[in-house]
Structures are given as C-alpha cells and as structure tokens.
Amino acid sequence: MNVQQSEVRLVRGIPRSVAALAIAALIIPLAGCVGDQDTKNMAAVFSGSGARPDELPVMLNKQPPFRYPTAAYAQKIQGNTTLRIFIDANGNIVADSTQIAESSGNASLDSAAVVGARELRFVPAKRNGQGEAISILFPVYWRHPDAPPLPGDTILNRTRTP
C-alpha cells in the first residue's frame, strides 16, 4: 500500500466532525451519545513518525448506523465500545479492518458496534488537499434512556423518564 497510514488516538471521545453522529443517538435509543461539552474537550493526539494530515476525517452519516441489540436494550445494558477503524483515501471504511480496541464488556454491544461501523462514511483525512488513508479510534457509547448514568456520564445531564 503506497498511501502512508496515520493513526489518530482520540482523548476522551471523538473529533467534533464525528461527534454529530454520536449526539444524534441521544434522541433515538440506538447507540453512541456524547454531550456538547465533551466534544469541546476532545483532542486528537497523533502517534507514529509519519506526517500528520492537514484535516481529520469528517463523518457524513446523518443518522447513527449503530443499532442497540434488542436483548441488551430490554435489559438496559450500557457500555462503551472503542473501535479501531481504517478510513481509506476515499472516505470509506476498509472491509474487515474494524477491530475492537476496547470492549464494552458485553459481546452483543461490541458486535453491534462492529456491524454498524460498516455503514460509516467520511470525507477522508487530507494532506495538501489530497485524500489520505488513516486509522482512528472511534468510540461508541451505548446508553439506555431509562437507565441510570454510568460513572463519568455527568456530561449527559439528562433526566430519567418515570
């Protein structure tokens, strides 16, 4: 592969360009939610010796592609799945490249995150105006609207339904 691959490590979440997908999931009980304050605190830290892209990838999906597994939803199971995804120079997820970097602790949530990642589409990362392949860590936050917040979820600032 001639395209130099860069890896983005995301601190406490995802880039602002990707956060819109996760925020949208608060409204629909699917997956992935992140508060606006958290997106302000997110930062990309690059690793490796390769040059960094000028622009990070921007997610194009209007709706989150992650579907909360029925059994996990019924049991109000929550967790965080962190995926490692490889975005090619055209903004597509490379088939079979998605890996679980950090498990939620629930196999059905992790599996649903991997399946949903196949539908992600991005404007690719760019260097000198040209698309560039990149590997990123992509968190999926599984939250049930009627379950109590998990430790550290104070940013969600939501009220529980009766």
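**Contacts, burial and confidence in a predicted model**

Q: Why is the pair formed by E132 and R127 called a salt bridge?
A: The closest N and O atoms of E132 and R127 are 2.3 Å apart. A salt bridge requires a side-chain nitrogen of Lys or Arg within 4 Å of a carboxyl oxygen of Asp or Glu, so the pair qualifies. This is a predicted model, in which local features need pLDDT of at least 70 and side-chain atom pairs count only at pLDDT 80 or more, while totals for chains, interfaces and linings use all residues. Residues are numbered from 1 along each chain as its sequence is written, and side-chain values use heavy atoms, with hydrogens and water left out.

Q: How do you know whether E132 is buried or exposed?
A: Buried means under 20% relative accessible area, exposed over 50%, and partly exposed in between (1.4 Å probe, protein chains only). E132 has 6% relative accessibility and therefore counts as buried.

Q: What makes the salt bridge of E119 and R67 a link between parts of the chain?
A: The side chains of E119 and R67 meet at 4.0 Å, N to O. E119 lies in the loop between α4 (107–117) and β6 (122–123), and R67 in the loop between β3 (58–59) and α3 (70–74), so the pair ties together parts 52 residues apart in sequence. Helices (H or I, at least four residues) and strands (E, at least two) are DSSP runs, numbered from the N terminus. E119, at 40% relative accessibility, is partly exposed, and R67, at 46%, is partly exposed.

Q: Which polar contacts does the side chain of R143 make?
A: The side chain of R143 contacts the side chain of N80 at 2.7 Å and that of D153 at 2.5 Å. A polar contact is a pair of N or O atoms within 3.5 Å; within protein, one must be able to donate a hydrogen and the other to accept it, and residues adjacent in sequence count only if both atoms are side-chain atoms. R143 and D153 also meet in a salt bridge. R143 counts as buried at 7% relative accessibility.

Q: Why is the pair of Y68 and Y73 given its particular ring geometry?
A: Rings of Phe, Tyr and Trp (its six-membered ring) pair if their centres lie within 6.5 Å; planes under 30 degrees apart count as stacked, over 60 as edge-to-face and the rest as tilted. The centres of Y68 and Y73 are 5.3 Å apart and the planes stand at 80°, so the pair is edge-to-face. Y68 and W142 are edge-to-face as well, at 5.4 Å centre to centre and 70° between the planes. Y68 lies in the loop between β3 and α3 and W142 in strand β9, so this pair ties together parts 74 residues apart in sequence. Y68, Y73 and W142 form one aromatic cluster.

Q: What is known of the predictor's confidence over residues 1–49?
A: On the pLDDT scale of confidence in each residue, from 0 to 100, residues 1–49 stay under 50. The mean pLDDT of the protein chain is 74, and 63% of its residues reach 70 or more. Where pLDDT is low, the predicted coordinates should not be read in detail.

How values were computed
Contact = heavy atoms within 4.5 Å.
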